[in-house]
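Good morning, and thank you for coming. Please look at the structure on the screen while I go through its pockets and its charged pairs.

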Amino acid sequence: MSDLLERLRGRGWRMTAQRRVVAEVLDGDHVHLTADEVHARAVTRLPEISRATVYNTLGEMVTLGEVIEVTTDRRAKRYDPNAHRPHHHLVCDRCGAIRDVRPTGDPLSDLPAGERFGFMVSNVEVTYRGVCPECASA
């Protein structure tokens, strides 16, 4: 059983066939799919699943805190099941590939107190940008 499925079941989330398929599609490392990509993959497993069901299921998973919405390019939101392990993202500026990364430093310590403007910072999101090896060799 996938980590996401286990977490959802552990929360007592009612596991319909549609919800199970969406969770299975999202399972894995470095998964950052758009809702349309989730729907396209879900349809291959459960042909009758609707786009609205996928969108609603993703919204519920985000509300539960089991999936994170990621926006890296001002376009479609992407859905990241890696919601319980702190990480940042590495994004290819050419193809849009996204990888989860876990730097060893504390990004909050890089922000001087004078640049916090009195904010009580609770979360830091960092996106590293560059060109992936596949695009660099093309």
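**Pockets and salt bridges**

The second largest pocket holds about 170 Å³ of space. A word on the basis: this is a predicted model, in which local features need pLDDT of at least 70 and side-chain atom pairs count only at pLDDT 80 or more, while totals for chains, interfaces and linings use all residues. Residues are numbered from 1 along each chain as its sequence is written, and side-chain values use heavy atoms, with hydrogens and water left out.

A pocket here is an open set of points on a 1 Å grid over the protein atoms alone, where a 1.4 Å probe fits, with protein on both sides within 12 Å along at least five of seven lines; lining residues have an atom within 4 Å of a point. Grid points are joined across faces, edges and corners, and a volume is the space filled by probe spheres set on the points.

Which strand gives the most to the lining of the second largest pocket? That is β4, with three residues; strands are DSSP runs of E, at least two residues, and helices runs of H or I, at least four, numbered from the N terminus. Among the lining residues are Cys92, Arg99 and Cys132. By class, eight are nonpolar, one is polar and three are charged. Here Ala, Val, Leu, Ile, Met, Phe, Trp, Tyr, Cys and Pro count as nonpolar, Asp, Glu, Lys and Arg as charged, and the others, Gly among them, as polar.

The largest pocket has a volume of about 450 Å³. Its lining comprises 22 residues, and His87, His88, Asn123, Val124 and Glu125 lie nearest the centre. Strand β2 provides the largest share of that lining, three residues.

I turn now to the charged pairs. The whole structure contains 11 salt bridges, each a side-chain nitrogen of Lys or Arg within 4 Å of a carboxyl oxygen of Asp or Glu. Arg7 pairs with Asp3, the closest N and O atoms being 2.7 Å apart; both residues lie in helix α1, four residues apart, about one turn of the helix. Arg7 also meets Glu66 in a salt bridge, at 2.5 Å from N to O. Because Glu66 lies in the loop between α4 and β2 and Arg7 in helix α1, this pair ties together parts that are 59 residues apart in sequence. Glu66 is buried, at 3% relative accessible area; buried means under 20%, exposed over 50%, and partly exposed in between, with a 1.4 Å probe and protein chains only. Arg7 counts as buried at 15%, whereas Asp3 is partly exposed at 33%.
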